[in-house]
Amino acid sequence: MAGARSRHHQGWPLLANSFRPFFLLGTIQAALAIMVWLPLFHGEISLTSAFAPRDWHVHEMLYGFLPAVITGFLFTAIPNWTGRLPIRGTPLAALVIVWLAGRVMVTVSAETGWAFALAVDAAFLALVAMAALREIAAGKNWRNLPVVMLVLVLLAGNGTFHLEAHGEGAADYGIRIGIVVVVLLISLIGGRIIPSFTRNWLVRENPGRLPVPFGRFDGAVIGCTALALACWIASPLYWITGVAMALVGVLHIARLLRWAGDRTTRERLLLILHVGYAFVPFGFLLHAAAVFGTVPSSAGIHAWMAGAAGVMTLAVMTRATLGHTGQRLTASVATQLIYAAVIVGALARICAAVSPAHSEPLLHVAAFGWMAAFLGFAIAFGPLLAGSRWRALAIPRAMASAR
């Protein structure tokens, strides 16, 4: 691993690591897609997409923005798992171009044809899965193979989404499959990094009670989560699904309480991981309530997507960007404002689903909060992600000198 890390990238800094282009472009795309969504929803503008407006919006969040962030994280983590060199330079540029082509083809698919848009759009996740599988196999890192399997399920969900939208006029199973993958990825990866990062900080800054590391209980919770979500894919409003969702929600609350998040309030960069994960059990409990008719079914979906996915992606992206560009691991004022904006946006979106009578102003608050958070990330962290080679080399040297 030391040998792999010693070989510096000589090209454009934006292509030095996967997190750089995918975090930057993914956040810009997430903000722009929401900026387009509200006038599209109100019929003020139209797109040349083969998808209905709602399906275009959901697809570009679920199969556009999130795969970019997942790819940025995955191909940054894999070298740490395997000790191999990261994907960078021309191969990384090719992945970025394929992802961008998918966004364009989906948006103009009424002109190009849905089948061609499907082929271009699906190519990205197929390439990501093949590259990740190659690296994990070469490094014999079979422990992390489930992450690649989830990427393949996400690919299958994307294909299902296109086929449903074309054949049925609405992509219900494709949406649920994608959401299930996102929730499982947060449960799996969050369950490893949150207690680990928390333990490291507490040992150094606030000795005392420590989080319980990933163990059999966590594995059992993830297994139960997968079963409950499988029920939700098959029959989202069946009473058995509601009971399973409620039980799994309680298990995730118990899991979160084991991670000593209440002891991290001094460091917002760490606290936000716990806050983001809290939307996972919140989503399960809202889904259980929806089955028994007390809230609309969309409330739980937005708890998972605007809440868990939105907050966790920003939490991971800010931490990874700071760590991999030689910055101090602490949340600046700008970073804390980004966190506040996405939390406000998520809560407003959930409330808009729960209270349809007040949905109009709440939808605008939710959209503004989301756009402020993700454009805020692009503005605040863009210089670090796309900075000059001098900046990338000078920061670690400056830190070394300070020490």
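Reply: Gladly! Let us start with a definition: a residue is buried when its relative accessible area is under 20%, exposed when that area is over 50%, and partly exposed in between. Please keep in mind that this is a predicted model.

Me: Why is Glu-60 called buried?

Reply: Its relative accessibility is 2%. The limit for buried is under 20%, so Glu-60 counts as buried.

Me: What makes Glu-60 and Arg-103 a salt bridge?

Reply: A salt bridge needs a side-chain nitrogen of Lys or Arg within 4 Å of a carboxyl oxygen of Asp or Glu. The side chains of Glu-60 and Arg-103 meet at 2.6 Å, N to O, and that makes a salt bridge. Glu-60 lies in helix α3 and Arg-103 in helix α4 (residues 89–107), so the pair ties together parts that are 43 residues apart in sequence. Arg-103 is at 9% relative accessibility and therefore counts as buried.

Me: How many salt bridges does a search of the whole structure find?

Reply: The search finds 10 salt bridges. One of them joins Arg-54 and Asp-172, whose closest N and O atoms are 3.9 Å apart. This pair links distant parts of the chain: Arg-54 is in helix α3 (residues 53–82) and Asp-172 is in helix α8 (residues 172–205), 118 residues apart.

Me: Why does Arg-54 count as partly exposed?

Reply: Arg-54 has 39% relative accessibility, so it counts as partly exposed. Asp-172, at 37%, counts as partly exposed too. Arg-54, Asp-55 and Asp-172 are linked in a network of salt bridges.

Me: And Arg-204, why is it called exposed?

Reply: The word exposed is used over 50%, and Arg-204 has 56% relative accessibility, so it counts as exposed. Arg-204 forms a salt bridge with Glu-205, with the closest N and O atoms 3.3 Å apart. Glu-205, at 35%, counts as partly exposed.

Me: Now the rings. What makes Phe-284 and Trp-304 an edge-to-face pair?

Reply: There are 14 aromatic pairs. Ring centres must lie within 6.5 Å to pair, and planes over 60 degrees apart count as edge-to-face. The rings of Phe-284 and Trp-304 have their centres 4.9 Å apart and their planes at 75 degrees, so the pair is edge-to-face. Phe-284 is in helix α11 (residues 268–291) and Trp-304 in helix α12 (residues 298–324), so this pair links distant parts of the chain, 20 residues apart. Phe-284 counts as buried at 0% relative accessibility, and Trp-304 is buried with a relative accessible area of 1%.

Me: Why is the pair of Phe-377 and Phe-381 called stacked?

Reply: For stacked, the planes must be under 30 degrees apart. The planes of Phe-377 and Phe-381 are at 15 degrees and their ring centres are 4.8 Å apart, so the pair is stacked. Both residues lie in helix α14 (residues 359–385), four residues apart, about one turn of the helix.

Me: Which residues do ring pairs link into a cluster?

Reply: Phe-51, Tyr-63 and Phe-161 are linked into a cluster by ring pairs.

Me: How do you know that the charged end of Arg-319 sits over a ring?

Reply: The CZ atom of Arg has to be within 6 Å of the ring centre and within 35 degrees of the ring normal. The charged end of Arg-319 sits over the ring of Phe-197, 4.0 Å from its centre. Likewise, the charged end of Arg-192 sits over the ring of Phe-214, 4.1 Å from its centre.

Me: Which residues make the nonpolar surface patch?

Reply: The patch, of about 620 Å², is made by Tyr-238, Trp-239, Ile-240, Val-243, Leu-247 and Phe-292. Tyr-238 is in the loop between α9 (216–234) and α10 (239–257). At 42% relative accessibility, Tyr-238 counts as partly exposed.

Me: One more, please: why is Thr-82 called buried?

Reply: Thr-82 has 15% relative accessibility, and the limit is under 20%, so it counts as buried. Thr-82 is found in helix α3, and its side chain reaches the backbone nitrogen of Arg-84 at 3.2 Å.

Technical notes:
Residues are numbered from 1 along each chain as its sequence is written. This is a predicted model: local features need pLDDT of at least 70, side-chain atom pairs count only at pLDDT 80 or more; totals for chains, interfaces and linings use all residues. Side-chain values use heavy atoms; hydrogens and water are left out. Rings of Phe, Tyr and Trp (its six-membered ring) pair if their centres lie within 6.5 Å; planes under 30 degrees apart count as stacked, over 60 as edge-to-face and the rest as tilted. Helices (H or I, at least four residues) and strands (E, at least two) are DSSP runs, numbered from the N terminus. Buried means under 20% relative accessible area, exposed over 50%, partly exposed in between (1.4 Å probe, protein chains only). Patches are made of residues with over 30% relative accessible area and no salt bridge: like charges are joined within 9 Å, nonpolar side chains (Val, Leu, Ile, Met, Phe, Trp, Tyr) within 5 Å. Accessible areas come from the Shrake-Rupley method with a 1.4 Å probe; for residues, only the protein chains shown count as cover. A polar contact is a pair of N or O atoms within 3.5 Å; within protein, one must be able to donate a hydrogen and the other to accept it, and residues adjacent in sequence count only if both atoms are side-chain atoms.
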